[in-house]
Amino acid sequence: MSTRQKDLINRYVAAFIVVLFSGCAVGQKINYHGTVADITASGTKTVGTATHDQRPYVLSGDKSPDVVGLMRGGYGNPFNVKTESGRPLADDITETVVASLTKKGFKAVPVIVLAKDSIDSVMEKLKANNGENLILLTLNEWKSDAYMNASLYYDVNLKIFDRTGNVLAESDIKGTDNLGGSFNIVKYSKIVVPQTFKKKIEELLNNPDVVKALQ
């Protein structure tokens, strides 16, 4: 086989890989619903829970509330990844916190709020359920990004209030995690990102101050 023939074959193979990766990257979804975190606190209090999506690209309308990250094609071109449930990411997060609290005996109540809601409006919706405690997660950033490796960018604040709105405890997580890689990055991301999501929710809820406020 001549050098020119080898070069042509290599180009065809490279082009095939680019097309394959681009096709795999389109229309992907990641499962954020049905997760139950392992938390320390237990009790029987009624707890209203809301997640307020304040990601800049959601607030601007550039991305829809169900976008959870990016999957990149063969040339590194990004395609949106959305929630498997089809619901806003904030609603899936609220569902997870509610399910985790319910498992430990709490009477957890989901409170659905919109990204465009003001903080005053969010607090009024939380107070309306008459919970003994109120939990508000503020989603400043949450985005996975997968190409050869998977990464997770996150910035989440959790506050616990009493029924009148006084802050009892606060917990923050912020950073960028390298989640590793795989030849089949699509399949790998669908496994490792939900696993990391569960750990992050546990980190927020198992903060000692949060546990003390819930008990």
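## Helix H3

Helices here are DSSP runs of H or I with at least four residues, numbered from the N terminus. Helix H3, in this predicted model, covers residues 89-103 and is followed by glycine 105, whose phi is positive, near 100 degrees.

The expected span of a helix is 1.5 Å times one less than its number of residues. For the 15 residues of H3 this gives 21 Å, and the end C-alpha atoms are 21 Å apart, so the two values agree. H3 is mostly covered, with 11 of its 15 residues buried. The buried residues of H3 include Leu89, Asp91, Asp92, Ile93, Thr96 and Leu101.

In soluble globular proteins, nonpolar side chains tend to be buried together. The largest nonpolar core here has 42 residues, and those touching the most other members are Tyr32, Leu101, Ile135, Leu137, Trp142, Leu158 and Leu214. At least two residues of this core come from each of strand S3 (67-72), H3, S6, strand S7 (149-162), strand S8 (167-181), H5 and helix H6 (208-214). H5 gives the largest share, eight residues. Another core, of nine residues, lies apart from this one; Val111, Met123, Leu136 and Phe161 are among its members.

Which residues does tyrosine 32 contact, leaving aside neighbours within four places in sequence? The partners of tyrosine 32 are Val68, Leu89, Asp92, Thr96, Trp142, Val193 and Phe197.

## Serine 189 in helix H5

Serine 189 lies in helix H5. Buried or exposed, with a relative accessible area of 2%? Serine 189 is buried, because buried means under 20% relative accessible area. Not counting residues up to four places away in sequence, serine 189 touches Ile30, Met71, Ala146, Ala150 and Pro194.

## The cavity

The count of cavities of 30 Å³ or more comes to one. The largest cavity holds about 50 Å³ of space. Its lining consists of Thr51, Ile93, Leu137, Leu139, Trp142, Val156, Phe197, Lys200, Ile201 and Leu204. By class, the lining divides into eight nonpolar residues, one polar and one charged.

Strand S6 (133-146) and helix H5 (185-205) each supply at least two of the lining residues, and H5 has the largest share, with four.

Notes
Residues are numbered from 1 along each chain as its sequence is written. This is a predicted model: local features need pLDDT of at least 70, side-chain atom pairs count only at pLDDT 80 or more; totals for chains, interfaces and linings use all residues. Side-chain values use heavy atoms; hydrogens and water are left out. On a 1 Å grid over the protein atoms alone, a cavity is a set of points where a 1.4 Å probe fits but cannot get out, and a pocket is an open set with protein on both sides within 12 Å along at least five of seven lines; lining residues have an atom within 4 Å of a point. Grid points are joined across faces, edges and corners, and a volume is the space filled by probe spheres set on the points. Ala, Val, Leu, Ile, Met, Phe, Trp, Tyr, Cys and Pro count as nonpolar, Asp, Glu, Lys and Arg as charged, and the others, Gly among them, as polar. Buried means under 20% relative accessible area, exposed over 50%, partly exposed in between (1.4 Å probe, protein chains only). Contact means heavy atoms within 4.5 Å. A nonpolar core is a set of buried Ala, Val, Leu, Ile, Met, Phe, Trp, Tyr and Cys residues joined through side-chain atoms within 4.5 Å.
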